[in-house]
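Subject: Structure handover

Hello,

Here is the structure for your files. My notes on it follow below.

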Amino acid sequence: METQENLVYPWNTPPPVGTIKELAPGVYWLAMPMPGSLGHINLYLLEDNTGWYVVDTGLSNADTGRVWKEIFSSQLGSKPIIGVICTHMHPDHIGQASMITEEFRCPLYMTRAEYYQARSFANNGSSRRSSWQGQMFYSRAGMPDNYLEELQKMWQAHSAEGMSMPTMPSGYECLEDGQVLTIGDHEWRVVVGSGHSPEHACLHCAALKIMISGDQILPIITSNVSVHPTEPNANPLKSWMESHDKFLSTPADTLVLPAHNLPFYGVRERLRGLTAHHEDRMLAIEEACVVPHVAKDLLPVLFARKLDPRQMMMALGEAIAHLHLMMHRNRIQRTLHDDGQYRFLSIDPDLTRRAHPHAHDAPQDTPVMV
Ligand SMILES: [Zn+2]
């Protein structure tokens with residue numbers, strides 16, 4: 001989705017790969033390469049009196065490792081890295097956590113749910129995708145029998161790009177919502193959101209008017225909010241929308257430092273825009289479901305382009321997330337049919353008044369892998 005909001009971007013491009021750029025006293029920005037349309041992930045360095053804290057680490061691939069080595073030798077002065085903070089457990093955020101914590105023998109900071117989910121996925125590999133739970137999840141959504149196999153092949157092809165889950169450090173320091181980290185002259189408060197990942201940590205410094213937002217608040221692209229076979233009845237979009245409400249209390253003049261796209265002003269506009277976007281997507285689905293639909297057949301409502309198996313997984317997870325929140329709101333009913341598929345039907349008598357079938361957001365071109 002393209003943004004409708006009036007966001008302000010103080011910088012047009014990320015700093016050249018291998019360099020760091022000071023954004024505010026003690027706050028530095030660097031970018032690491034990412035495959036595909038994302039192009040890069042933004043990482044941040046916070047300067048303490050005796051060393052540096054890294055916020056997020058990039059993919060686990062060799063390229064990113066090489067860039068880190070350049071940064072260690074040319075950008076950090078004589079100070080070591082003394083802590084690695086990962087906002088959440090996705091591969092582009094935790095990819096180099098082990099490498100950096102080994103190199104400097106420094107602790108990893110994460111919330112508990114993110115750390116243990118990362119460890120569990122790293123140990124379990126792709127086997128979770130071939131389980132009977134996975135089969136049942138996708139066949140209930142209307143996917144063909146060979147879909148899991150296709151997905152497996154696709155993931156193997158992409159693991160070379162560093163998109164697979166890396167090995168995690170064997171211990172960590174636990175971050176909690178509301179906790180304050182003192183780094184240099186500044187206090188950073190941990191603000192936890194949920195929906196994109198279970199317990200995503202953002203860092204807010206009120207004095208500097210800066211929020212490091214990870215994937216919790218992104219400009220331009222919408223973070224993936226998906227139901228997965230590991231928790232087939234989860235309601236992540238409910239958590240996501242509640243998190244948007246929580247983050248609306250962020251002061252309006254805050255500079256947001258996201259993990260993708262560019263730093264921006266306009267946090268409240270962006271949160272309102274994201275909420276409106278998901279409400280619109282739900283209404284579009286609800287309008288389609290006046291006749292019963294399986295989840296797979298709702299994908300054209302959300303995504304215009306033909307999707308490969310991996311994009312299909314993200315898109316399907318998102319469609320199901322929207323359906324689950326509407327079930328929670330008593331707007332959609334789900335029934336399991338004899339063919340083993342769930343059918344979704346709109347049940348709100350008020351829908352005819354709320355519907356506006358010709359005025360929806362255009363479907364997104366492809367689901368975003370962050
Ligand atoms: Zn993410």
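**What was found**

Helices (H or I, at least four residues) and strands (E, at least two) are DSSP runs, numbered from the N terminus. The model is a predicted one: local features need pLDDT of at least 70, side-chain atom pairs count only at pLDDT 80 or more, and totals for chains, interfaces and linings use all residues. Residue numbers start from 1 along each chain as its sequence is written.

Helix α3 covers residues 97-104, and Ala97, Met99, Ile100 and Thr101 in it are buried (20 or more other C-beta atoms lie within 10 Å of the residue's own; 12 or fewer is exposed, in between is partly exposed; C-beta atoms are placed from the backbone). The cover over these buried residues includes β4 (52-55), α1 (62-74), β5 (81-85), α2 (91-94) and β6 (108-111). Contact means C-beta atoms, placed from the backbone, within 7 Å.

**Sheets**

Seven strands form an open sheet with mixed pairing, in the order β1-β2-β3-β4-β5-β6-β7 (strands pair if DSSP finds at least two bridges between them). Its edge strands, β1 (21-24) and β7 (173-175), each pair on one side only. β3 (residues 40-47) and β4 run antiparallel and are joined by four bridges; leucine 46 has tyrosine 53 in β4 as its bridge partner. Helix α3 packs on this sheet, touching β4, β5 and β6, and its direction makes about 160° with that of β5 (axes are lines fitted to C-alpha atoms, for helices over the stretch in contact; angles run from 0 to 180 degrees between N-to-C directions).

A further open sheet, of six strands, has the order β8-β9-β10-β11-β12-β13, also with mixed pairing. Strand β12 (residues 255-258) pairs with β13 in the antiparallel sense over two bridges, and valine 256 stands opposite phenylalanine 264 in β13.

**Cores**

The largest nonpolar core has 65 residues, and Tyr44, Leu46 and Val54 are among those with the most contacts inside it (a core is a set of buried Ala, Val, Leu, Ile, Met, Phe, Trp, Tyr and Cys residues joined through C-beta atoms within 7 Å). Strand β2 (residues 27-33) gives the most to this core, six residues. Another core lies apart from it, with 32 residues, including Trp240 and Leu325.

**Domains**

An automatic or database domain assignment gives domain 1 (21-121 + 162-275) and domain 2 (288-354). Their centres, taken over C-alpha atoms, are 31 Å apart. Nine residues from domain 1 and nine residues from domain 2 make the contact.

Regards

How values were computed:
Contact = placed C-beta atoms within 7 Å.
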